[in-house]
Amino acid sequence: MKAPISTRLLACCDYIAPGDRVADVGCDHGYLGIHLLLTGLASRVIAADIRPGPLECAVKNGKKYGVSERMIFCLSDGVQSVPRDFDTLVCAGMGADVMVSILEKAPWLRSTGYRLVLQCQSKTPTLRKYLSETGWTIRRENVLRDGRFLYTVMEAVWAPSPALTSGQCYISPALMASGSPVLPEYIRWVRDHLALSVRNQPDKEGSPEAAALEELEHIKEERL
Ligand SMILES: C[S@@+](CC[C@H](N)C(=O)[O-])C[C@H]1O[C@@H](n2cnc3c(N)ncnc32)[C@H](O)[C@@H]1O
């Protein structure tokens, strides 16, 4: 039996290493973890959510797909009540503010023993900036289409690297190197939004947004 998993969540699974012990925080229906167990990619999954309703749904689905004995279910704000013996933290379908707050409350994650797989739904440049400033390196990043929308998924590791520039907070070096077929469309979309935002608010001149736009305007046309 296959779990009904979206293209967006499948893209998160691409960054899971064989045998990983995965903590899926904000699991909701639990399908990401269930898919990882059904395909044999993960050895164990902790499915956590801050709300009882989604967690109950994950418990029900875990039983339905016959993988619940390899799942641990945690009612938890972020990783606060999650056992620490996992390899990869997945946070998908949340905005940057929630993700930053989850990471900020768990300084113990800042270790080479953990990897992050983050699929951010809003304010993604804020998340990239935070990661870069706290010591996380975005090692891989991809952009993909799911239905009408483009989504990015990133893998971050605890490793020193130069801080991202304003423009790189919008299009990271890892994303630039992804070779994604929809990257040119994504860059154009980011540039258009930045241009609109800078144009509509004159006080944004000299702001990080204006600096980012200037950087992104230098991306060579042949790459778009
Ligand atoms: C939009 S759903 C995304 C579900 C799934 N990860 C996906 O991408 O399809 C966001 C989920 O995150 C949960 N959530 C929000 N804040 C959270 C937090 N601080 N800790 C754990 N779960 C949280 C919500 O209850 C909700 O079930």
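My entries follow, from the whole chain down to the ligand.

**Ground rules.** I'm working with a predicted model, where local features need pLDDT of at least 70, side-chain atom pairs count only at pLDDT 80 or more, and totals for chains, interfaces and linings use all residues. Residues are numbered from 1 along each chain as its sequence is written.

**Whole chain.** I looked up the secondary structure and got nine helices and seven strands (DSSP runs numbered from the N terminus: H or I of at least four residues for helices, E of at least two for strands). The radius of gyration is 18 Å, close to the 17 Å from the globule rule for 224 residues, so the chain is as compact as a globular protein of that length. That radius is taken over C-alpha atoms, and the rule is 2.2 Å times the number of residues to the power 0.38. The C-alpha box along the principal axes is roughly 55 × 35 × 30 Å.

I checked burial next: 42% of the 224 residues are buried. Buried here needs 20 or more other C-beta atoms within 10 Å of a residue's own, with C-beta atoms placed from the backbone.

I traced an open sheet of seven strands, order 3-2-1-4-5-7-6, with mixed pairing (two strands pair if DSSP finds at least two bridges between them). Strand 3 (71-75) and strand 6 sit at the edges, each pairing on one side only. Strand 6 and strand 7 run antiparallel over 10 bridges.

Helix 5 packs on this sheet, touching strand 5, strand 6 and strand 7, and its direction makes about 160° with that of strand 6. Contact means C-beta atoms, placed from the backbone, within 7 Å; angles run from 0 to 180 degrees between N-to-C directions of axes fitted to C-alpha atoms, for helices over the stretch in contact.

**Helix 5 (residues 124-134).** I listed its buried residues: T124, P125, L127, R128, K129, L131 and S132. Their packing partners include helix 4 and helix 6 (166-170). Just after helix 5, G135 takes a positive phi of about 115°.

**Ligand.** Which residues are closest to the ligand? I found G26, D28, I50, A92 and G93, out of 17 surrounding it (a residue is near if its C-beta atom, placed from the backbone, lies within 6 Å). Strand 4 gives the largest share of the shell, three residues. Strand 2 (42-49) and helix 4 (96-104) are among the elements supplying at least two each. By type I get 10 nonpolar, three polar and four charged, with Gly counted as polar and Asp, Glu, Lys and Arg as charged.

Conventions. Buried ≥ 20, exposed ≤ 12 C-beta atoms within 10 Å, placed from the backbone. Contact = placed C-beta atoms within 7 Å.
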